[in-house]
Amino acid sequence: MEKLICDGYTLVFSDQGQGDAVVLLHGFCGSSEYWERVVPLLSKSCRCIVPDLRGHGSSDAPLGAYSIEQMADDLLKLLDELKLPKVTMLGHSMGGYITLSFAERYASRLNGFGLIHSTGYPDDEAGKEKRLKAVSTIQTEGMTVFIDGLVPGLFAPENAETHQELIAKAKEIGYSTPPQGAAGAALAMRERPDRREVISGSRLPILLVAGEKDRIAPAEKVFTADGPNITKATIQGAGHMSMMENPEELVGVITGFLQQDRPQSDH
């Protein structure tokens with residue numbers, strides 16, 4: 001893992017493979033380790049840059065509420081530091097919200113972007129209330145209790161039964177999330193705006209990936225737009241965590257998306 005000092009705090013990331021750069025963003029209470037079954041396959045054909053987002057993994061976790069915009073700005077600094085004029089950015093869940101914020105403001109830095117088990121919709125009132133409850137649980141009962149309640153529901157029901165090792169791995173990653181990082185990110189997600197128009201209005205190549213059995217971001221919340229530039233895929237047998245549940249199929253979808261005919265980029 002490599003380190004970047006960003007606004008006085010450390011952002012940790014891995015950088016593997018060669019070729020066109022793909023940035024993979026993990027979800028809430030995850031880390032770059034969410035992608036550990038994907039990167040060995042994907043890095044055969046492209047350069048995979050995988051950060052621990054602000055407040056997660058081994059990156060620093062400043063105190064206070066974060067914003068999705070701030071987390072996207074961290075990535076802009078990372079691309080500048082790595083001297084990457086353009087990348088393809090793919091975000092899982094919360095990482096998708098960050099990807100949309102980035103695409104809205106820094107489209108010139110993207111060859112394309114994608115949402116993996118994520119959505120352009122904002123939180124509804126019930127969702128906002130749930131974020132506050134999450135913060136309360138984290139602050140009063142701790143990360144172990146919170147993660148034990150969160151993680152099993154991220155997987156397809158049958159995978160939760162038959163792949164206990166995946167649940168254990170996701171929990172282990174979650175337990176190591178700094179409490180103030182998890183709370184700050186929950187508040188960031190609560191305040192995010194509706195960004196469906198970023199998807200419907202963009203002319204960049206866009207990948208939308210849903211899990212067949214995702215109870216967090218069902219297909220109708222993922223597939224919010226159509227267009228010749230939009231590729232849609234449903235990962236069979238997966239819940240909200242296809243990068244762990246069915247990494248081979250997910251890598252196939254991503255690789256196919258990256259290999260599509262593209263307009264010539266300006267670099």
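The dialogue below turns to pockets, a cavity and a helix contact in this predicted model.

Trainee: What volume does the largest pocket have?

Mentor: The largest pocket of this model holds about 910 Å³. Its lining comprises 34 residues, and those closest to the centre are Gly 127, Lys 130, Arg 131, Leu 150 and Ile 216.

Trainee: Which elements give two or more residues to the lining of the largest pocket?

Mentor: They are helix H3 (94-105), helix H4 (125-141) and helix H5 (143-150). H4 provides the largest share, with six residues. Sorted by class, the lining contains 15 nonpolar, eleven polar and eight charged residues.

Trainee: How many cavities of 30 Å³ or more are there?

Mentor: A cavity is a space where the probe fits but cannot get out, whereas a pocket is open. The count here is one cavity of 30 Å³ or more. The largest cavity has about 40 Å³ of space, and its lining consists of Tyr 97, Leu 100, Thr 119, Gly 120, Arg 192, Pro 193 and Arg 195. By class, these are three nonpolar, two polar and two charged residues.

Trainee: At what angle do the axes of H2 and H3 cross?

Mentor: Angles of 65 to 115 degrees count as roughly perpendicular. The axes of helix H2 (residues 68-81) and H3 cross at roughly 70° and come within 8 Å; the two helices are therefore roughly perpendicular to each other. Residues making the contact include Leu 75, Leu 76 and Leu 79 of H2, and Tyr 97, Ile 98 and Phe 102 of H3. By class, this contact has ten nonpolar, one polar and three charged residues.

Key: Residues numbered from 1 in each chain as written. Predicted model: local features only at pLDDT ≥ 70, side-chain atom pairs only at ≥ 80, totals over all residues. Heavy atoms only, no water. 1 Å grid on protein atoms, 1.4 Å probe; cavity = no way out; pocket = protein on both sides within 12 Å on 5 of 7 lines; lining within 4 Å. Points joined across faces, edges and corners; volume = space filled by probe spheres on them. Helix = DSSP H or I, 4+ residues; strand = E, 2+ residues; numbered from the N terminus. Nonpolar A, V, L, I, M, F, W, Y, C, P; charged D, E, K, R; others polar. Axes fitted to C-alpha atoms, helices over the stretch in contact; angles between N-to-C directions. Parallel < 35°, antiparallel > 145°, perpendicular 65-115°, else oblique. Contact = heavy atoms within 4.5 Å.
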